[in-house]
Amino acid sequence: MKHLVLSFMAFLFIVTAGQGLATDQLTIAASKIEIGIINTLEGIGKTLAHAAKETGKAGVASETDIRKLLQACMAGKPYAIDSTFIDSKGIMKFVEPK
């Protein structure tokens with residue numbers, strides 16, 4: 001009977017330790033995902049700030065210039081489906097890709 005109790009306690013210890021390791025791995029994975037999301041959002045913020053600065057410059061008013069800027073904003077960003085230009089009146093003027 002002693003052996004059975006000791007075996008059962010050893011089994012519980014191993015299972016509990018395994019769950020602790022799994023929890024640590026999940027925490028590490030979640031942290032990596034969080035860092036990736038933060039980096040992506042910061043990159044989007046920088047892109048938007050750059051685009052706002054560029055569209056505020058004098059001489060960047062033609063449709064061609066704005067479409068080039070929209071295309072540049074999407075370059076290398078597989079998560080971006082489309083990019084739009086909304087004028088100061090809140091009207092959506094251009095969407096890329098067409």
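Visitor: Among contacts in the chain between residues at least 6 apart in sequence, what percentage join residues at least 24 apart?
Guide: The model is a predicted one. Contacts here are those between residues at least 6 apart in sequence. Of these, the share that joins residues at least 24 apart is 29%.

Visitor: Which pattern do the secondary structure elements follow along the sequence?
Guide: The chain contains two helices and two strands. Read along the sequence, these elements give the pattern α-α-β-β.

Visitor: What percentage of the residues of the chain count as buried?
Guide: A residue is buried when its relative accessible area is under 20%. The chain has 98 residues, and the part of them that counts as buried is 14%.

Visitor: How far apart are the end C-alpha atoms of helix 2, and what span should its twelve residues have?
Guide: Helix 2 covers residues 63-74. At 1.5 Å a residue, its twelve residues should span 16 Å.

Visitor: Where around helix 2 do its buried residues lie, and over what arc?
Guide: The buried residues of helix 2 are Ile66, Arg67, Leu69, Leu70, Cys73 and Met74. They are on the same side of helix 2 because the arc they cover around the axis is only 160°.

Visitor: Is Arg67 buried or exposed, and at what relative accessibility?
Guide: Arg67 has its place in helix 2. Leaving aside neighbours within four places in sequence, Arg67 is in contact with Phe94, Val95, Glu96 and Lys98. The cut-off for burial is under 20%. Arg67 therefore counts as buried, at a relative accessibility of 14%.

Visitor: What is the omega of the peptide bond from Glu96 to Pro97?
Guide: Glu96 is one of the contacts of Arg67, and Pro97 lies in the segment after strand 2 (92-96). The peptide bond from Glu96 to Pro97 is cis, with omega near -5°.

Visitor: Which residue just after helix 2 takes a positive phi?
Guide: The phi in question is about 75°. The residue that takes it, just after helix 2, is Gly76.

Visitor: Which residues are the closest to the centre of the largest pocket?
Guide: The largest pocket holds about 300 Å³ of space. Its lining consists of 18 residues, and the closest to the centre are Thr47, Leu48, Ala51, Cys73 and Ser83.

Visitor: Which element gives the largest share of the lining of the largest pocket?
Guide: Two or more lining residues come from each of helix 1 (2-56), helix 2 and strand 1 (83-86). By type, the lining divides into twelve nonpolar, four polar and two charged residues. The largest share, six residues, comes from helix 1.

Visitor: How far apart in space are Thr47 and Cys73, C-alpha to C-alpha?
Guide: Thr47 is found in helix 1 and is buried, with a relative accessible area of 18%. Not counting residues up to four places away in sequence, Thr47 touches Cys73 and Lys77. Thr47 and Cys73 are 26 residues apart in sequence, and their C-alpha to C-alpha distance is 6.2 Å.

Note on methods:
Residues are numbered from 1 along each chain as its sequence is written. This is a predicted model: local features need pLDDT of at least 70, side-chain atom pairs count only at pLDDT 80 or more; totals for chains, interfaces and linings use all residues. Side-chain values use heavy atoms; hydrogens and water are left out. Helices (H or I, at least four residues) and strands (E, at least two) are DSSP runs, numbered from the N terminus. The expected span of a helix is 1.5 Å times one less than its number of residues. Buried means under 20% relative accessible area, exposed over 50%, partly exposed in between (1.4 Å probe, protein chains only). The arc is that of the directions from the helix axis to the C-beta atoms. On a 1 Å grid over the protein atoms alone, a cavity is a set of points where a 1.4 Å probe fits but cannot get out, and a pocket is an open set with protein on both sides within 12 Å along at least five of seven lines; lining residues have an atom within 4 Å of a point. Grid points are joined across faces, edges and corners, and a volume is the space filled by probe spheres set on the points. Ala, Val, Leu, Ile, Met, Phe, Trp, Tyr, Cys and Pro count as nonpolar, Asp, Glu, Lys and Arg as charged, and the others, Gly among them, as polar. Contact means heavy atoms within 4.5 Å.
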